[in-house]
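Dear colleague,

Please find below the sequence and structure that I am handing over to you.

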Amino acid sequence: MVTILDHPLITHKLTNMRRADTKTKDFRENLDEIASLMAYEIFRDLPTKDVKITTPMGDCVSQEIAQEVVLIPILRAGIGLLEGIRALVPTAKVGFIGMYRNEETLEPVEYFAKFPQGLEESLNLVLDPMLATGGSAIAAINQIKKRGAKNIKLVCLVGAPEGVKAMQEAHPDVDIYLAALDDHLNEIGYIVPGLGDAGDRIFGTK
Ligand code: PRP
Ligand code: URA
C-alpha cells in the first residue's frame, strides 16, 4: 500500500523545502513539522487498550497505546524525520541503520546497525526522506527483517515511481507513506523535481 499524505499543510512546507534557496535552518524546521504531521496520520491505526483511570470526577475506562513503537532512521538523512515523530510518541524506542549510496553504482553500502530488542512485536517505522532507486530502504528493511521485525512501515518525504515499484516488489508487506510522489529519477539517480541531496541540506554539508 502506498499512501500519499498530501495535506495542504504538508505540501506547503514541502514546497519550502524544495526551493533551492531554502537554507539549512528552514529546511530542517519544515522537515520537523512535516514529520509530525505525517506521524499524526500514520499512527491512526495504532492499537489501543482499555485502562482504568481516575479523573477529578471519578473512575472511568479510557484508552492508551497498546503497541511498542520503534523508529529506525536510515543514517544520515533519516535523522531529519526522527524528532518530529518522536515529539508525538516520546515513548518510542530508536534503532539506527547507517546506509549510503555509492554514487557511481547507486548500490547501498551499510556501515552501522544498532536496534532495540523486541522488533518482532513492535511497530517499526523506517525513516528516510528520499526514496529514489529504493536500494537503501530495501537493504535497510532486509536487515531489520533479519532481526525478526514483522510489522514495518516506510516513511519517506519524496518518492520516485522507480523506488516505489522496487520497494513494492522487494517488500510487498511494507506500507509506504510519502508526502509526495515525484516524476522520475534523473540519470544520476536523483529525484526530479525532488529537493536535491537531503542529507547535505539537513546537515549543511554542501
Ligand atoms: C540518500 C537518501 C537515501 C538514499 C536514497 O542517502 O537519504 O538514504 O540516498 O537513494 P536510493 O533510494 O537510490 O537508495 P545518501 O546515500 O545520500 O546518504 P546520506 O543520508 O548520508 O546523505
Ligand atoms: N538521495 C537524495 O538525497 N536525493 C535524491 O534525490 C536521491 C537520493
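Ligand 2 is surrounded by R101, M130, A132, G189, Y190, I191, G196, D197 and A198, where a residue counts as near a molecule if one of its heavy atoms lies within 4 Å of it. By class, this shell has five nonpolar, two polar and two charged residues; Ala, Val, Leu, Ile, Met, Phe, Trp, Tyr, Cys and Pro count as nonpolar, Asp, Glu, Lys and Arg as charged, and the others, Gly among them, as polar.

The model is predicted, and local features need pLDDT of at least 70, side-chain atom pairs count only at pLDDT 80 or more, and totals for chains, interfaces and linings use all residues. Residues are numbered from 1 along each chain as its sequence is written, chains are lettered from A and ligands numbered from 1 in the order in which they are written, and side-chain values use heavy atoms, with hydrogens and water left out.

Polar contacts of ligand 2 (pairs of N or O atoms within 3.5 Å) involve the backbone of the protein at the following residues:

- I191 has a polar backbone atom 2.8 Å from an oxygen atom of ligand 2.
- G196 places a backbone N or O atom 2.8 Å from a nitrogen atom of ligand 2.
- A198 places a backbone N or O atom 2.8 Å from an oxygen atom of ligand 2.

Ligand 2 exposes 240 Å² when taken alone, and the protein buries 89% of that; accessible areas come from the Shrake-Rupley method with a 1.4 Å probe.

Ligand 1 has 14 residues around it, of which R101, D128, T133, G134 and S136 come nearest. The shell divides into six nonpolar, five polar and three charged residues. At least two residues of this shell come from each of β6, β9 and α4; helices (H or I, at least four residues) and strands (E, at least two) are DSSP runs, numbered from the N terminus.

The contacts of ligand 1 include both side-chain and backbone atoms. A polar side-chain atom of T133 is 2.5 Å from an oxygen atom of ligand 1, and one of R76 is 2.9 Å from an oxygen atom of this ligand. A polar backbone atom of A132 also lies 2.9 Å from an oxygen atom of ligand 1. Alone, ligand 1 exposes 500 Å², of which the protein buries 92%.

Where do the ligands sit? Ligand 2 sits in the largest pocket, and the space taken by ligand 1 is the largest pocket. A molecule sits in a pocket if more than half of its atoms lie within 2 Å of its grid points. A pocket is an open set of points on a 1 Å grid over the protein atoms alone, where a 1.4 Å probe fits, with protein on both sides within 12 Å along at least five of seven lines; lining residues have an atom within 4 Å of a point.

The largest pocket holds about 530 Å³ of space. Its lining comprises 27 residues, and A77, R101, E103, S136 and D197 are the closest to its centre. By class, the lining has 13 nonpolar, seven polar and seven charged residues.

Finally, some backbone features. A cis peptide bond joins L75 and R76, with omega about -5 degrees; R76 is found in the loop between β4 and α3 (79–86). Another cis peptide bond joins V192 and P193, with omega about 0 degrees, and P193 is found in the loop between β15 (191–192) and α6.

With kind regards

Methods: Polar contact = N/O pair within 3.5 Å; in protein donor to acceptor, adjacent residues only side chain to side chain. Points joined across faces, edges and corners; volume = space filled by probe spheres on them.
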